[in-house]
Amino acid sequence: MSDTYQPDGTEDVPAAAVPPAEAIPALEVRDVTVRFAGLTALDSVSFTVAPGSVHAVIGPNGAGKSTCFNVLSGVYRATSGSVRFGTAELTALPPHRIAALGMARTFQNIALSPHLSVRDNLMLGRHRLTRAGFLSAGLRLPSARREAARHGERVAEIAAFVGLTGHLATPVGLLPYGVQKRIELARALCMEPRLLMLDEPVAGMNGGERREMAELIVAVRESLGISILLVEHDMGMVMRLADAVTVLDFGKRIADGPPELVQNDPEVIRAYLGATSETEEAST
Amino acid sequence: MITFIELLVNGISIGAVYALIALGFVVIFKATEVVNFAHASLLLVGGFIIAKTHESVGFWPALLLGLAGAAVLGALIEFLVIRRANVVNHSVLAIVTIGVDIVLTTELTRQIGTEVLALGDPWGSQVLHLGAVNIPLARIAALLAASAVIAAFLLAFKYTNWGVAMRATAEDAETAALMGVRRGRVSMGAWAVAGALAALAALFMCIFPTPGLDRTVTATAMKAFPAAILGGLDSTTGALAGGLIIGVTESLVSGYQGELVFLGRGLGDVAPFLVMIIVLLIRPAGLFGTRELARV
Amino acid sequence: MSKSTLLWSVALAAAAVVIPFYLDASWLQDGLFAMAAAIGAIGLNLLTGATGQLSMGHAFFLAVGAFGYVYFASVPAEGGHAALDGLGLPTPVAAVLAVLLAGAAGGLFSPIAARLKGAYLGIATLALIFIGHFVMSNATPVTGGHNGRPVPPLEVFGFVFADTPDAPLVIAGVPFGALERLWFLGVVLLLGAGLFARGVLRGRPGRAMNTIRDHEIAAGVMGVPVARYRAGVFVLSSMYGGLAGVLIALVFQQTVPDYFGLLLALSYLAMIIIGGLGSVAGAVIGAVFVSMLPRLLTRYSDALPLIVQPGQEGVGAAEAAQILYGLAVVVVVLFLPGGLLGLVTQLRLRTGRRIASAPAAKHSLTPTPETRN
Amino acid sequence: MNVHDPGPPGDSGLTVRDLAVSYGPVTALRGISLEVPRGSVVTVLGGNGAGKSTLLRAISGTLRFHRGGITAGEIGFGRARLSGAATSAVVAHGVVQVPEGRKIFARMTVEENLRAGALGARDRRSASESRERVLTLFPVLAERARQRAGLLSGGEQQMLAIGRALMARPKLLLLDEPTLGLAPMMAARIADTVREINAQGTTVLLVEQNAALALSLASHAYVLEVGEVVLSGPAAELAESDEVRRRYLGIGDDRDEAPLAGAAPARPALSRWSA
Amino acid sequence: SEKATGGGGEAAASGDGVKTGPGVTADTISIGMMTDLTGPYASFGKSLTNAQQLYFQQVNAAGGVCGRQLEAVVRDHGYDVQKAVAAYTEIGPKVVAMAHVVGSPMVNAVKQRIEADKMLTIPQAWATTLLGSEPIQVTATTYDIDMINGVDFLAKEKGIKSGDKIGHLYFEGDYGESALNGSKFAAEKLGLELVEQKIKATDQDMTAQVAAFKKAGVKAVLVSVGPRQTASLVGVSLAGGMDIPFVGSNSAYSPQLLPTPAGPALLKDFYYMTGGAPIGSDLPALKKLADDYKAKYPNEAIDSGVAAGYTAAGIVVDALKKACESKDLTRAGVVAAHRSQSSWGQEYGGTMDFTVFDKPASLRSYVAKPDKDALGGAVVFKDASESDLVKEYQVPVG
Ligand SMILES: Nc1ncnc2c1ncn2[C@@H]1O[C@H](COP(=O)(O)OP(=O)(O)OP(=O)(O)O)[C@@H](O)[C@H]1O
Ligand SMILES: Nc1ncnc2c1ncn2[C@@H]1O[C@H](COP(=O)(O)OP(=O)(O)OP(=O)(O)O)[C@@H](O)[C@H]1O
Ligand SMILES: [Mg+2]
Ligand SMILES: [Mg+2]
């Protein structure tokens, strides 16, 4: 099932859909180590996310995948190592500066504002792209109103793309889990990212819902041509979507490469996939 | 030097009283995550019952009555108010306790009226002379009682499931219920215990060197706030440490007021808060408090 | 919806204009206190309601505003015990500077505010009250010490907001003294403060603030500079406090350190919770409720049964007012989880069209979201 | 396949009869009947919002925490009536739930979480025994015993939640999406665990999005949709049904053969943003 | 509206040819009281209110003033400045004078308005900040005068001499600071060294302060705090072996302390200075007052508020009577009438001169001593007198 994510000839070749490479830089993770008291969550991990590719990070529970995301998005500070996004060194930057570089992420555990409407949650994604401050918002200056209108349109467009149009006015807290997961994705898209990081986007969804989400991710990459970094335990989905896979175990990288190679790596099977039959059963 | 020791000893003994009050805050915070502003009225009730009954039944039975009465009141507050408040935000609950406190304190001060009530304690104005240092006997009793009570709580939290149940309920009442915890019992128990602690604190607050119970007693409860926070709102050890630090600070600063006059008069009252702020700047969850940690 | 809003606004505006022509001074004064409280409460709601930073020290910033104004506006004077300093600036300038000063005070505290959370922040801000009181009682040349000092009346383009017995202002047969004049100032300030806060809450900063409250880490990752925003909101909220302080000083005509104590600080917290956390209307409703209730109870104590006249045995009017106030706080929080504003919204929904999305309003303040964490 | 009709209430297992639940104005369950015979594993499938968690809340008596309540019907376990009972009473009857979304006590340590799990145990003596069992099942919990539970990884938290429930030695274990966020191997381990404790005599009611896994474990399955039971029957039979295969297993649909990308014509393409 | 027609703000002449203003109608005269019934001075406030109502009742029974009945308008401010301001706004326009206002911060907060309204006001506080205002009448001595007389008493009768140290424990605020002015002056004059300790009303335990006094080696302590603090101070000192005399301001003592454990210590060597005679003195007027009060309020304790309130009511009523004589019951008229009296109140044990308002009305203080059996818990220890020191003293005003 190596290349099933490719559209089979009815569309343009994917290369054409990918934007000029200079706009989307590569993400280079070099020897990143993260230690917590008495625990090494990431141990000298390196990998590179090629521009415009879908790169999956997999591994057993507690392997350090989310920790890796947290380092990339500035939530955790790496004990050592470097992360470069184009020319920018990320390890010393606070989260909001990293966001400003066009790195967006979703959270393994939903992190939306339950009281706010879907629209407001999505508008928050526009924070880095908008300017209105206390004064201009408080005084409702024309510039602030223009800005809000313009970005509101884009939010509506993204909501339609993700299939949230009907929910825009609803407070997020009242919506089912599956919808909230999509709002997470939409909010990240609203940041107009150059790199999109998805932490277990289909956890808690059933088969049908998973497939929809997978389609959505493919469509994002098709439409925007951005790089996507994906953490997921659903191996079927990883195999279908990813161009490259990095496997972590106890914070160490144990494999890296194209999905079909990684899938058959004995080390990966031992640490993560287990006997093939079980994998099949658990994640069809 | 004598003065210093005397001030220090005095500070420690006042600190013991603050520690008892702070421990009341801690118990309730552990069980319900509520900062209890109604603690002052629990103090008042405990003291009031002791004062009103000691003449007819004698001091020790009166003390028991006071402990029981304040415990019942605490349990009632939990049962009638806290349990029924279905709110997510704990600062909202703190406001409810302010409401409760206003009601109770108003009524109690009306009952107390203009009197200064004696509590009939056996220590009277006796003073222990240790060399040149004088320590009121009542204060020694306070120190002993506070140490004993706090040690008991430390052990109870450590070796019984009570503490676990309490913290589980405070953090997530629903899930705690799924563990079979009887939420009502746990938090009601905590409030009752806090009430009893308040009564005990009230006793030591209202006997020698202070003249007795009257309506102004509630103001002292405020000083236990910095004590509780400084130690860490969810820590028993913290309550003791916080109480002692505040007591000693206050005593030293007032005692050396003459030398500190360049800082302004009346420093004794703000010093506890200044100490608290400095501690919090270094340790945002107090000296022994559990640090709030979040991950995504 | 917009039609009824318009009707409401017109009705309120009309009421605001005619009230000074009918109500006597003491009502106007109560009304002015309520307006000042509303301004302060809006500010606190920005901080505590919308951004989730508990503050029990709001009264301190009111004090900074009040004393700041007096200091900036007064001319130095020789008092009995001590000389009183002052800058003698034009009063409108003094008022603006006082608000800025309160903001600066908030800015000074914001490093602490940024580090602490929840109850710890609450009690740390409580310290401001005590420290503030200490400073105010000691800085006699500025504050007048314990007795405070008289407040110079505001004068804008020659129009004085004070009683002018020599040149009385009479409009439609009603003598316009200090309170009548201040009433209109209060209305304008409250309106401005409310609209500004609403703009902030509904705009880009409001969303960022709400997200900081709900999920600080997510806010940072979405590009919100959390620490800077926290500090910003703290400063803004302090400036609201400062403005409320200036207005209160003008109404009082004398500022006294004792007034800006613990009770005042806690009552501001009560206002926003009783009114409804996180919104401008909630803050205003709560402020009116909390500041008017005790006054109403005392004033109409004669009409209440069980209450005795001053000087007799039994529950006096002031005590009854206190008890009822306490009970009101408890009852509102217990039975109206969305505060009085939630009640108003619910009533509106019930009387108006029965919209299918009714539960939305019920949940708007205390949602139990299905977040999986 | 017809809607399952539970027989007369026996004293053997869990019986739910004509259960209706609402959250204020929102009705979440209507007329649900199901049966979990003693010693069996029964699974409930259903899409997001179908009412699965609501069902478990109704059994455990935690609806009031969500401002909901049972409006009609009965829940019985053995001879005991669970509907209307307090949560602690339900636990005392040996019915223990692993709630949806883990709900571990984030501020307590792993060790204390396990202790909390044992609070409702009917038999205190066996606590250390249960602990042994849980720690063998999830060795990582032993390694992290003193760590704040909130800092565990998602999957580790899930293990803790299950381990915590096992501490109470339940007669009936209610599992709400136990494999959420678990790695394939760990999910398989959970499946084995369920089999094992079931073999030891614990009855299991399993709510799971991973329908394949659930159906492989269960003897009987119910499918919920918008608050009603639409399908029920032996798990093996359901696993073969087209409906279940398409909706819950995500297979067996002709669309599956079509390429993923561009397969959703309804979805508008997203243009690039140009500031 | 009622407001538009001007609700009786202007002065007018009524049928009997008496010029009247706010608070006076053809048959009633309304007099305000801004008191504390729920705050820290509730007991004092209650006694004041009761005593003044008793006085008005007696006057009314005797036919009233100027053919009019007296009517009290009472508002409780609970020692809260804002409430006091609100109360003044409410009742100010309806009354002709304020028979008592508890608390100098409260008086100060409405001082400007009192002056604008020319409202004769009797504060129940004796801080010097209240002097210097024509309509405001501080009764008898101010706290500083009491303290000077007190230091003089210590020097004359308790053996304090030049070079000795004396302590002064005082509250922050007007009360304590006024008193401190006096003690500083007297200490300097007598060559004493003053050891100051400032506390707040919320402080309860004076152990630290006692330690500080002890360290300094004071020979006597002046006390300008509340009764609770006094009790703690005296009790702790004695228990710690610091057996020295204490001299308090009139607000530092309350008979309610005698049954408490501090009682014996207070009875031993504590005195307080007061400008008005304590109700336990032998003056016939006060004896009668005590009887009348007990008859009317059998359940109420008698404390210093009773005499103070009664006297203050007398001052107001006498001013009204004088104003009536000159047919001017407007507020200005009442103040003018009041200020025309140069010797008032012999029957209450002291003469007050109301013609000047930038000086205390009297410079003579009683030395009172707690007594378990006496009415009001105190007896006169030394009759009112004016020390030589006081004569040189320049009272700070305002
Ligand atoms: N803030 C922290 N403090 C201490 N330990 C932490 C912290 N964050 C993560 N860890 C530990 O680091 C390890 C890696 O956690 P991480 O969340 O990255 O795992 P993961 O690969 O995302 O697992 P899962 O698939 O279960 O989500 C875990 O053992 C976790 O307990
Ligand atoms: N607290 C609540 N208040 C109001 N409605 C609720 C509440 N909780 C759940 N609901 C509604 O009840 C219905 C059933 O929800 P439930 O959580 O039981 O679904 P579920 O099958 O467990 O879904 P999921 O797979 O997402 O966990 C949904 O429509 C949901 O919106
Ligand atoms: Mg993870
Ligand atoms: Mg569910």
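Reader: Where is the place of Thr230(E)?

Author: The model is a predicted one. In chain E, residues 227-239 form a helix, and Thr230(E) belongs to that stretch. The element is helix α8 of chain E.

Reader: Is Thr230(E) buried or exposed?

Author: The cut-off for buried is a relative accessible area under 20%. Thr230(E) has a relative accessibility of 0%, so Thr230(E) counts as buried.

Reader: With which residues is Thr230(E) in contact, leaving aside its neighbours within four places in sequence?

Author: Thr230(E) sits in helix α8 of chain E. Once neighbours within four places in sequence are left aside, its contacts are Val223(E), Val225(E), Ala252(E), Leu266(E) and Phe270(E).

Reader: How many of the 11 residues of helix α2 of chain E are buried?

Author: This helix covers residues 81-91. Its buried residues include Val81(E), Gln82(E), Tyr88(E), Glu90(E) and Ile91(E).

Reader: Which protein donors does the magnesium ion (ligand 4) have?

Author: The donor atoms lie 1.8 to 2.3 Å from the ion. One is an OG atom and the other an OE atom. The residues that supply them are Ser53(D) and Glu100(D).

Reader: How many residues apart is this pair, and which parts of chain D does the pair link?

Author: Ser53(D) is in helix α1 (residues 52-60) of chain D. Glu100(D) is in the loop between β6 (95-98) and α3 (110-117) of chain D. The separation of the pair is 47 residues.

Reader: Which protein donors does the magnesium ion (ligand 3) have?

Author: The donor atoms here are OG and OE1, at 1.9 to 2.2 Å from the ion. The residues that carry them are Ser66(A) and Gln108(A).

Reader: How far apart in sequence are the parts that Ser66(A) and Gln108(A) tie together?

Author: Helix α2 (residues 65-72) of chain A holds Ser66(A), while Gln108(A) is in the loop between β6 (103-105) and α4 (118-125) of chain A. Ser66(A) is buried at 9% relative accessibility, and Gln108(A) is buried with a relative accessible area of 7%. Because of where the two residues lie, the parts tied together are apart in sequence by 42 residues.

Reader: Is Leu206(D) buried or exposed?

Author: Leu206(D) is in strand β8 (residues 203-207) of chain D. Its relative accessible area is 1%. With buried set at under 20%, Leu206(D) is buried.

Reader: What separates the C-alpha atoms of Leu206(D) and Leu217(D)?

Author: Not counting residues up to four places away in sequence, Leu206(D) touches Val42(D), Thr43(D), Val44(D), Leu175(D), Pro178(D), Ala214(D) and Leu217(D). Leu217(D) is 11 residues from Leu206(D) along the chain. Their C-alpha atoms are separated by 9.1 Å.

Reader: How compact is chain B?

Author: Chain B has 11 helices and two strands, in the order α-α-α-α-β-β-α-α-α-α-α-α-α from the N terminus. Its radius of gyration is 19 Å, close to the 19 Å that the globule rule gives for 296 residues, so chain B is as compact as a globular protein of that length.

Reader: What share of the residues of chain B count as buried?

Author: The C-alpha trace of chain B spans about 60 × 50 × 35 Å along its principal axes. Its accessible surface is about 9,500 Å², with 68% belonging to carbon and sulfur atoms. Of its 296 residues, the share that count as buried is 67%.

Reader: How far apart are the centres of the positive and negative side chains of chain B?

Author: Chain B carries 17 positive and 17 negative side chains. The distance between the centres of the two sets is 7 Å.

Reader: What share of the residues in chain A is buried?

Author: Chain A has 12 helices and 10 strands. Its accessible surface comes to about 10,100 Å², of which carbon and sulfur atoms hold 55%. Of its 284 residues, the buried ones make up 60%.

Reader: Which pair of chains has the most contacts?

Author: Chain A and chain E do not touch, and their nearest C-alpha atoms are 32 Å apart. Chain D and chain E do not touch either, with nearest C-alpha atoms 37 Å apart. Eight pairs of chains do touch, and the most contacts are between chains A and D.

Methods
Residues are numbered from 1 along each chain as its sequence is written. Chains are lettered from A and ligands numbered from 1 in the order in which they are written. This is a predicted model: local features need pLDDT of at least 70, side-chain atom pairs count only at pLDDT 80 or more; totals for chains, interfaces and linings use all residues. Side-chain values use heavy atoms; hydrogens and water are left out. Donors are N, O and S atoms within 2.8 Å of the metal (3.2 Å for Na, K and Ca); water is not among the atoms, so sites may look incomplete. Helices (H or I, at least four residues) and strands (E, at least two) are DSSP runs, numbered from the N terminus. The radius of gyration is taken over C-alpha atoms; the globule rule is 2.2 Å times the number of residues to the power 0.38. Buried means under 20% relative accessible area, exposed over 50%, partly exposed in between (1.4 Å probe, protein chains only). Accessible areas come from the Shrake-Rupley method with a 1.4 Å probe; for residues, only the protein chains shown count as cover. Lys and Arg count as positive and Asp and Glu as negative; His and the chain ends are not counted. The place of a charge is taken as NZ of Lys, CZ of Arg, CG of Asp or CD of Glu. Contact means heavy atoms within 4.5 Å.
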